[in-house]
Amino acid sequence: MKVVLVGYGKMGKEIEKILISRGHEVIGKATDVNPLNKEMIANADAAIDFSTPTSVLENIDFLLAHNIPAIVGTTGWNSSYDKVKTSVDEKNGALVHASNFSIGVNLFFKLNEQLSKLMEPYNEYTPSITEIHHTEKLDAPSGTAITLANGIIQNYSQLEDWYCASENSATIPQSEKNTKKENQLKIEAVREPDVKGTHLIEYKSNIDTLSIQHEAHNRTGFALGAVIAAEWIQNKKGIFTMKDVLQLS
Ligand SMILES: NC(=O)C1=CN([C@@H]2O[C@H](COP(=O)(O)OP(=O)(O)OC[C@H]3O[C@@H](n4cnc5c(N)ncnc54)[C@H](OP(=O)(O)O)[C@@H]3O)[C@@H](O)[C@H]2O)C=CC1
Ligand SMILES: O=C(O)C1=N[C@H](C(=O)O)C[C@H](O)C1
């Protein structure tokens, strides 16, 4: 495949290595100073976007307008999902999005849903999520934590939504939902230097705590998953997630 990288930061560079190791070619690199343009995408089989929450929607629009299959790993645009889905449908486009492209986290998503079904009848246990990431991360809570929260909320009749809390809130960008209300699941966002991505789910009672955790040791899993998604979407139309790519539905 001939691939355009949209965003050439920590993830873009990691994805480039995986693309080359699997025999693909990087034909363009869009960044803040050199954004997507027509010349860059000429002859592209796919574009892989790991950019920023503020640029991703414009990038998606551009790729759909030019009929380029898009793999979107950028987080922080959940509230625009319906608009993007409508655009993909109207333009008969192709897009795979995921808050986390790693195979391990997608298995963890399934485990989280199954565990929440098991725990729901036991009111003495209170579920909560902690996510830990590097200090350069622009969004909080992480997209992965939001997916995990939704996986729990859908199985808990008494939970209506999530909220984001942080002990070191000075380092965390303002969340759109950082005030606790009734019946909300707590997501604690922690920022520490160089952490690639850790997600911890706990069910606490006065007697004990049950927990499951996923810890990324490096960014290889995210990058490999995104490249597998780009290979998978060739000749397909529609909006998909990594669940579809891995047939985990
Ligand atoms: N879904 C998943 O599995 C994962 C998702 N992510 C998400 O991916 C995103 C990127 O993460 P990361 O690589 O760590 O971030 P970085 O800050 O390291 O890189 C961001 C890149 O985006 C570029 N950029 C900024 N504006 C534009 C624009 N208008 N057009 C194209 N590129 C632009 C930056 O350009 P410049 O170099 O000029 O500043 C930079 O190269 C984040 O949203 C993160 O949450 C991260 C890991 C896994
Ligand atoms: O910004 C990151 O680094 C990561 N972002 C994704 C998220 O917001 O969930 C995925 C991963 O945890 C790394």
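**Exercise 1.** Which strands does helix 3 (residues 56-65) lie across, and at what angle does it run to strand 4?

*Solution.* Start with the ground rules. This is a predicted model, in which local features need pLDDT of at least 70, side-chain atom pairs count only at pLDDT 80 or more, and totals for chains, interfaces and linings use all residues. Residues are numbered from 1 along each chain as its sequence is written, while chains are lettered from A and ligands numbered from 1 in the order in which they are written.

Next, find the elements. Helices (H or I, at least four residues) and strands (E, at least two) are DSSP runs, numbered from the N terminus. Helix 3 lies across strand 1 (2-6), strand 3 and strand 4. Its angle to strand 4 is about 165 degrees. Axes are lines fitted to C-alpha atoms, for helices over the stretch in contact (C-beta atoms, placed from the backbone, within 7 Å). Angles run from 0 to 180 degrees between N-to-C directions.

**Exercise 2.** Give the strand order of the open sheet and name its edge strands.

*Solution.* Strands pair if DSSP finds at least two bridges between them. The six strands are ordered 2-1-3-4-5-11, with parallel pairing. Strand 2 (25-30) and strand 11 (238-241) are the edges, as each pairs on one side only. From one strand to the next, the twist averages 20 degrees. Now take one pair. Strand 3 (residues 46-49) and strand 4 (residues 70-72) are joined by three bridges. Asp49 has Val72 in strand 4 as its bridge partner.

**Exercise 3.** Is Gly238 buried or exposed, or in between?

*Solution.* Then count neighbours. A residue is buried if 20 or more other C-beta atoms, placed from the backbone, lie within 10 Å of its own, exposed if 12 or fewer, and partly exposed in between. Gly238 is partly exposed because it has 14 C-beta neighbours inside 10 Å. Not counting residues up to four places away in sequence, Gly238 touches Val88 and Ala94.

**Exercise 4.** Describe the largest nonpolar core.

*Solution.* A nonpolar core is a set of buried Ala, Val, Leu, Ile, Met, Phe, Trp, Tyr and Cys residues joined through C-beta atoms within 7 Å. The largest has 40 residues. Those touching the most other members include Ile15, Ala47 and Ala226. Helix 7 (residues 220-232) gives the largest share, six residues. Apart from this core lies another, of 15 residues, Phe108 and Cys164 among them. Return to Ala47: beyond four places in sequence, its contacts include Val3, Leu63 and Ala70.

Definitions and conventions: Contact = placed C-beta atoms within 7 Å.
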